[in-house]
Amino acid sequence: MKFTTLVSVAAVAAASVSFAGAAQARDQVQVAGSSTVLPYASIVAEAFGENTDFPTPVVESGGSSSGLKRFCEGVGENTIDVANASRKIREKEIKACAENGVTDIIEVRIGYDGIVFASQKDGPAFTAFTPVQWHNALAPKVLKDGQIVDNPYNKWSEVDASLPDVEIAAFIPGTKHGTREVFEEKVLLVGCEESGAMKAMMDGGMSEDDAEDACLAVRTDGKSVDIDGDYTETLARIDSNPNGVGVFGLAFYENNTDKLKVATMSDVAPSTETIATGTYPVSRPLFFYVKKAHIGVIPGLKEYAQFFTADEIAGPQGPLAQYGLVADPELAATQASISAEETMK
Amino acid sequence: MTETTLSPETTAPAAIKGKSLYALDDLTRIRNAAEKRFRAYGMTAIGIGLFFLVVLAYSIISEGMPAFSRTVMKVEFTLTQEQYDAAEKELFKTKAYESIFISALKSQLDASGISVPFDKDAIGRLVGKPGGTIRSFYKENPDQLGKNVAFELAASSRVDGYINGRVTRENMTDSRFLQKSDLDIVDALVKAGIIVNVFNWDFITGADSGVDNPGGAGIGASVVGSFFMMLVVLFLSLPIGVAASIYLEEFAPQNKITDLIEVNISNLAAVPSIVFGILGLAVFIQFMHLPQSAPLVGGLVLTLMTLPTIIISTRASLKAVPPSIRDAALGIGASKMQAVFHHVLPLAMPGILTGTIIGLAQALGETAPLLLIGMVGFVARGYPDGIVQGFIDPNSAMPAQIYTWAARADFAFYEKAWGGIIVLLVFLLTMNILAIILRRRFERRW
């Protein structure tokens with residue numbers, strides 16, 4: 001019977017292929033995580049494949065939190081080797097890792113990235129912001145005339161007379177992005193403290209932790225939109241809404257200066273120089289985390305980490321800095337800790 | 001007798017006095033108007049549909065065409081054995097080749113007597129990332145060391161944009177990527193015939209590249225990834241789907257269990273594809289330990305997704321074969337299996353193949369399930385070395401590659417994404433045309 005033979009041949013072929021796949025060890029480094037680190041990781045992955053005899057690593061995106069979650073799923077070939085993150089790993093993530101047997105984690109800081117506030121190039125003149133303005137524009141409850149009230153502001157000009165007279169439309173990174181955490185800590189929380197709202201809330205009987213949480217909250221009436229995708233999604237929203245203000249990474253902005261204009265934060269313009277010196281307030285370190293148990297099992301893993309942090313790559317003259325990463329002045333210490341395979345704590 | 005029943009004159013009610021049959025009465029007018037209106041609605045609906053189709057096709061083609069051309073620099077270049085050895089000793093070898101190339105280009109420009117002032121940094125901003133191309137060329141052809149070789153190397157994405165009209169002197173701002181003064185050099189180089197715009201074969205045959213190298217990105221490797229996935233889908237879902245539907249349609253008893261199975265197959269066809277991705281991650285990668293990012297796993301996941309489509313269309317075409325064929329075969333003493341395999345199945349084959357091809361086309365354009373099994377991202381970096389590697393080496397797929405490009409900061413990748421859509425559409429159109437031809441040629445009507 002012709003047909004039945006075809007079926008059995010197909011089944012045997014499929015089965016043999018899957019067993020061959022299962023038996024063969026993975027030989028490429030598998031990376032996932034922050035979409036902010038993804039461009040740098042892909043530059044390094046391409047160069048790593050071109051310059052060494054190891055196969056090119058696979059780099060996936062998805063956000064810092066989802067990357068670290070997959071990283072902490074366990075040890076073995078079917079888990080990823082490296083998690084990219086645009087924030088430090090959290091205590092509870094370390095705990096989750098440990099519960100699944102991922103105990104030895106090498107932390108690698110690759111450099112710094114600035115978070116910039118940009119709007120349409122030909123749109124309203126958003127040229128200077130302060131954390132207080134952002135807090136007043138985005139918080140659900142703000143301090144007004146000495147009272148904590150529901151946010152009454154609908155226009156930027158109501159928040160501060162120096163800002164354009166247009167509706168508030170802010171596009172901020174979603175909660176799965178590491179960028180969100182930095183935005184909350186360095187803009188919303190700072191603005192909350194500086195405006196006196198946090199003190200007023202604590203005076204009103206809230207504990208410090210509750211007040212802090214309240215400071216990080218964002219209004220839910222549609223004036224502030226969480227963007228869960230990449231910066232290209234934020235850019236598309238800004239493109240279609242001339243009054244929109246978006247939160248971007250510095251490198252992304254620098255690649256799109258023909259469409260976006262950037263605003264200063266507390267009178268400091270974002271640039272690699274102001275971020276390196278620390279004068280631009282909204283910047284954060286970028287990391288990747290390496291599973292030590294995989295070093296020696298997955299070929300090229302340690303070499304990848306070393307290649308990534310080499311002076312030629314992550315240094316001030318390297319391709320990462322060329323793309324927009326602010327080089328880490330303490331790169332030498334990072335290199336030393338990778339060669340020694342120093343784990344966290 | 002027929003005269004009296006058929007002639008309208010005699011059966012029609014007597015005409016109302018004073019009214020001609022040729023003048024329409026109110027009711028007829030209303031009915032005619034309603035019909036006219038309905039036709040107009042239909043035409044409008046088709047018109048709107050066509051309008052959107054034209055807009056879509058126009059925007060895809062106009063946005064995607066730049067991906068098929070690229071700006072290259074034609075440079076003659078000599079690499080000496082010493083330079084090669086020195087570059088190979090470096091950690092970042094491709095960078096070393098790049099700077100050798102930039103020096104060579106600079107001296108060529110010095111000699112050519114171009115009047116526009118330029119320096120090494122400016123030339124560095126004009127060239128793309130030629131290091132990888134140069135290194136792999138000399139690794140494969142060591143006998144060319146010390147000889148004069150003519151290269152066509154990609155210019156940087158912004159120079160490419162300037163030649164394509166995406167970057168203009170008005171809309172650009174000076175940055176470390178490109179400065180206004182560099183455009184004068186570009187103009188001079190175009191005049192000298194060093195910078196030319198050529199058809200971008202690398203886009204069709206190449207692999208993905210890093211975010212800082214849009215000039216080197218191509219969709220070829222992910223086409224291969226898609227191809228291997230489709231092989232898996234075809235060789236698993238066709239036999240399984242056909243066998244399942246033949247059993248359900250021809251052999252299975254009608255009872256509660258088969259009813260339940262039928263309902264579930266129909267439901268399965270409506271399950272969002274991302275669910276199959278989650279299932280694939282849990283079963284194929286975490287439980288069965290198949291490799292991540294492999295077309296094999298992608299194919300398995302898409303098989304699950306395609307199966308219901310194939311089963312439903314196969315059952316429909318089996319049902320369409322008239323029972324008289326089965327009865328005739330059984331009547332002359334064929335066993336039930338003989339009747340099905342010798343008579344019913346061949347007649348149902350065109351319908352089955354059409355359903356399969358449509359199912360495959362659907363699977364070809366699917367991204368969501370691939371997201372979870374590691375095929376979306378920076379994956380498609382090269383062609384597999386062999387058939388087995390094709391199934392298990394990490395690779396991407398066409399729609400996943402398009403998705404990845406659309407998310408990158410450099411606008412040149414956005415063009416690549418549109419170009420990728422054109423390539424994907426060409427494949428989908430081909431498959432659908434094949435399905436139509438098969439149906440037209442082999443379909444039997446009773």
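Axes here are lines fitted to C-alpha atoms, for helices over the stretch in contact, with angles from 0 to 180 degrees between N-to-C directions. The model is predicted: local features need pLDDT of at least 70 and side-chain atom pairs 80 or more, while totals for chains, interfaces and linings use all residues. Residues are numbered from 1 along each chain as written, with chains lettered from A and ligands numbered from 1 in written order.

Q: At what angle do the axes of helices α11 and α19 of chain B cross?
A: Helix α11(B) covers residues 220-251 and helix α19(B) covers 398-406. Helices (H or I, at least four residues) and strands (E, at least two) are DSSP runs numbered from the N terminus. The two axes come within 8 Å, and they cross at roughly 145°.

Q: Which residues of α19(B) meet α11(B)?
A: The residues of this contact divide into three nonpolar, three polar and no charged. Nonpolar means Ala, Val, Leu, Ile, Met, Phe, Trp, Tyr, Cys and Pro; charged means Asp, Glu, Lys and Arg; the others, Gly among them, are polar. From α11(B) come Ser222(B), Val223(B) and Ser226(B). They meet Met398(B), Ala400(B) and Gln401(B).

Q: Which element gives the most to the side of chain A that touches chain B?
A: In the interface, 47 residues of chain A are in contact (C-beta atoms, placed from the backbone, within 7 Å) with 46 of chain B. Several elements of chain A supply at least two residues each, including α2 (38-51), β2 (58-59) and α10 (231-240). By class, this side of chain A has 23 nonpolar, 16 polar and eight charged residues. The top contributor, with 11 residues, is α1(A).

Q: How far apart are the centres of domains 1 and 2 of chain A?
A: Domain bounds come from an automatic or database assignment. Domain 1 of chain A is 26-111 + 284-339, and domain 2 is 114-283. Taken over C-alpha atoms, their centres are separated by 29 Å.

Q: Which helix provides the largest share of the side of domain 1 of chain A that touches domain 2?
A: The contact takes 16 residues from domain 1 of chain A and 16 from domain 2. The domain 1 side has five nonpolar, nine polar and two charged residues. Its largest share is three residues, from the helix at 64-71 of chain A, α3.

Q: Why is helix α5 of chain A largely enclosed by the rest of the structure, and how many of its residues are buried?
A: A residue is buried if 20 or more other C-beta atoms, placed from the backbone, lie within 10 Å of its own. Across the 345 residues of chain A, 49% are buried. In α5(A), residues 131-138, the buried ones include Trp134(A), His135(A) and Leu138(A). The helix is largely enclosed because its buried residues number eight of the eight.

Q: Which strands stand at the edges of the three-stranded sheet in chain B?
A: This open sheet has antiparallel pairing (at least two DSSP bridges) and the order β2-β1-β3. Its twist averages 40° from one strand to the next. Five bridges join β1(B), residues 69-78, to β3(B). Two strands have a single partner each, so one side of each lacks a neighbour in the sheet: β2 (148-154) and β3 (195-199) of chain B.

Q: How many residues of domain 3 of chain B are in contact with domain 2?
A: Domain 2 of chain B is 67-210, and domain 3 is 220-442. Their centres, over C-alpha atoms, are separated by 43 Å. Domain 2 brings 12 residues to the contact, and the number from domain 3 is 15.

Conventions: Two residues are in contact if their C-beta atoms, placed from the backbone, lie within 7 Å. A residue is buried if 20 or more other C-beta atoms lie within 10 Å of its own, exposed if 12 or fewer, and partly exposed in between; C-beta atoms are placed from the backbone.
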